[in-house]
Amino acid sequence: MIILTLNCGSSSAKYQVYDWETKDVLAVGIVEKVTVGGSFINHKAKGKEEVKFNHDCPTHTDAIDLIIKTLTSKDMGVISDMSVIKTVGHRVVHGGDKFTKSVIVDKAAMDAFTAMQDLSPLHNPANIMGIEAAKKVLPDVPHCAVMDTAWHQTMPPESYMYAVPTEWYEKYQVRRYGFHGTSFLYTAKRAAVLLGQDPFKTNVIICHLGNGASINAVKDGLSFDTSMGITPLEGLVMGTRSGDVDPSLPFYIMRKTGMNAADIESALNKKAGLLGLTGKLTDRRDIQAAAEGGDKEALRAQQIEAHRVKKYIGAYQAVLGRVDALVLTAGVGEFAWFMRDKILNGLEGIGLVYDPVKNDISRTRNTETLISKPESKIPIYIIPTDEELVMTEDAYALMQGTYDTHTHFKYSFQSKDYVNKGRAEGLVSDLKKNPALADIIAKPI
C-alpha cells in the first residue's frame with residue numbers, strides 16, 4: 001500500500017511517498033515558489049539521483065499535478081500510476097481547540113479549518129488550498145488531516161490561558177494553542193525509547209529549531225507548555241518572525257509611523273526575527289559565515305536567538321521540576337552546531353553539560369546522537385524529527401479504523417528495535433565521511 005503525504009505552505013508543496021508494506025520511503029521532494037513565479041521542483045527517488053527542474057505552478061493544483069506527473073514519470077518516478085496510492089495525509093497548522101487528534105477530511109473538518117484562518121492567516125489558507133487541490137486530482141481516496149495544534153490540547157489552563165478578559169477566550173477562542181505538534185510527538189516518543197522509560201512517565205524539554213522555532217515542555221509524556229501562542233508568532237526568535245515582544249510595541253510603532261494593523265502583522269511575521277536583526281539574512285549558515293567574517297549584526301542576531309532559547313529552557317525546567325532529557329531537533333537543531341554551542345554553553349548550573357567536541361561531530365539527519373558529557377545530570381540528545389512518518393502512520397490507521405489519540409495509540413517508532421531504512425542507508429555514507437559519528441550515536445538505555 002502506498003501512502004502520499006503533503007505539506008502545503010503558502011508558496012510550496014512538500015511531499016513524501018511511503019510504501020507501507022516494505023516500511024520504506026520511495027520518494028521525497030518539494031515544489032517551491034508556487035503562485036509567485038519561477039516555480040521549480042526538487043525530487044529525490046529511492047535509488048536515483050536527485051533532480052531539480054523548473055516548471056511554472058501558478059496554483060497549488062498545478063503543483064500537485066506536477067508532483068503526480070513526477071512520481072509517475074518513467075525516468076524519475078516511483079509508482080506506475082496514481083491508483084496505487086490508497087490514502088493522502090495532509091499537514092494542517094491550526095486546528096484550534098476543535099481537534100485533539102488527526103481526522104479524515106470531510107466537510108465539517110474543512111469548515112473548521114476555514115474558521116481557523118483568522119488565527120493562522122499565513123498557514124491555514126495554504127493548507128486548505130493543498131487539500132482542495134489534492135482532492136481534485138485524487139478524488140477517490142481518503143484524505144486525512146494531521147494538525148500541529150492537536151498535540152498541545154493536553155496543556156492545562158495555567159499554560160494555555162492568557163491573562164486577558166475571559167470573554168475573549170469564550171467568544172473569540174483567545175488562548176495559547178502551540179504548533180510543531182507532529183514534530184514534538186515524534187521526538188518525545190523517541191526520547192522515551194532512548195531513555196528506556198515509559199513514555200507517560202517521561203519529562204523532556206524539546207527545542208524544535210528551524211526557520212520556524214518553538215520549545216515544548218513535555219510532562220509525563222503530554223504537552224504541558226509551549227512557546228508559540230494563539231499563532232506561530234509568539235516565542236523564540238525565528239527566521240522572519242519576532243517571537244516575544246512587548247504587546248504595546250505595535251501600538252507605539254503605529255503611532256510613530258502611521259502603519260496599520262495589517263502592516264504590523266506583516267512586519268512581525270515576515271520582516272522581523274533574524275531578517276530584521278541582520279537586514280538581509282535568515283539562513284543560519286549565512287549568518288554564521290557573516291559572523292565569522294566580522295559582521296557585528298550577524299553575531300548579535302545569533303546571541304539574541306540563543307539567549308531567547310536559553311530563557312525558555314530554564315523556564316521549562318522550572319515548571320517541569322524533573323527533566324529527564326533535553327532534545328534538539330529540526331534543521332537548526334540537527335545541523336547548526338554553532339547555534340547549539342551558543343545555546344548550551346553556560347547551562348551547567350541547571351545540570352546540562354554539553355561536550356563541544358561531540359556537538360561539533362553531530363551534523364546528520366540519519367541517526368540520533370548524545371552530545372552531553374558523562375557528568376551531565378540531564379542527557380542532551382539530537383533527535384532528527386520525522387513529521388512525515390507521523391502523518392503516514394496516522395493516515396494509515398485512520399483508513400483502517402484503528403487510530404486514536406497518542407495516549408491510546410502506539411507508533412512503530414516507539415519500538416526499541418525501530419529502524420528507518422532510508423536513514424540507515426544514509427548513515428552508512430555519513431560514517432564514511434565522518435567516522436567519529438559512530439562514537440556519539442545514541443542507543444536505548
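Colleague: Is Val164 buried, partly exposed or exposed?

Modeller: This is a predicted model, and in it Val164 lies in the loop between α4 (157–160) and α5 (166–172). Buried means under 20% relative accessible area and exposed means over 50%. Because the relative accessibility of Val164 is 30%, the residue counts as partly exposed.

Colleague: Which loop holds Gln173, and what is its phi?

Modeller: Gln173 sits in the loop between α5 and α6, and with a relative accessibility of 31% it counts as partly exposed. Most residues other than glycine have a negative phi. Gln173 is not a glycine, yet its phi is positive, at about 60°.

Colleague: How many residues of strand β10 are buried?

Modeller: Strand β10 covers residues 213–219 and has strands paired with it, among them β9 (residues 204–209), which runs antiparallel to β10 over 6 bridges, and β11 (residues 222–226), also antiparallel, over 4 bridges. The strand is largely enclosed by the rest of the structure, because the number of its 7 residues that are buried is 6.

Colleague: What is the bridge partner of His208 in β10, and how many residues lie between β9 and β10?

Modeller: The bridge between the two strands that involves His208 places it with Ser214 of β10. β9 and β10 form a hairpin, and the number of residues between them is 3.

Colleague: Which residue in the hairpin of β10 and β11 takes a positive phi?

Modeller: This hairpin has 2 residues between its strands, and one of the bridges between the strands pairs Lys219 with Leu222 of β11. The residue in question belongs to the loop between β10 and β11 and is partly exposed, since its relative accessible area is 35%. With a phi near 50°, a positive value in a residue other than glycine, it is Asp220.

Colleague: Which strands stand at the edges of the open sheet?

Modeller: The sheet has 6 strands in the order β11-β10-β9-β12-β14-β13, with mixed pairing. Each edge strand has a single partner strand, so one side of each is left without a neighbour in the sheet, and these strands are β11 and β13 (369–370).

Colleague: In which sense do β12 and β14 pair?

Modeller: Strand β12 spans residues 325–329 and strand β14 spans residues 380–382, with Leu326 standing opposite Ile380 in β14. The two strands are joined over 3 bridges, and the sense of their pairing is parallel.

Colleague: Which helix do the buried residues of α16 pack against?

Modeller: Helix α16 (residues 421–433) has 13 residues and reaches 19 Å from its first C-alpha to its last, close to the 18 Å expected. Its buried residues include Arg423, Gly426, Leu427 and Asp430. The helix against which the buried residues of α16 pack is α6 (181–195).

Colleague: Is Met339 buried or exposed?

Modeller: Met339 is found in helix α13 (residues 337–344), and beyond residues up to four places away in sequence it touches Arg284, Gln302, Glu305, Ala306 and Val332. Because its relative accessible area is 1%, Met339 is buried.

Technical notes
Residues numbered from 1 in each chain as written. Predicted model: local features only at pLDDT ≥ 70, side-chain atom pairs only at ≥ 80, totals over all residues. Heavy atoms only, no water. Buried < 20%, exposed > 50% of the residue type's maximum accessible area, 1.4 Å probe, protein only. Pairing = 2+ DSSP bridges. Expected span 1.5 Å × (residues − 1). Contact = heavy atoms within 4.5 Å.
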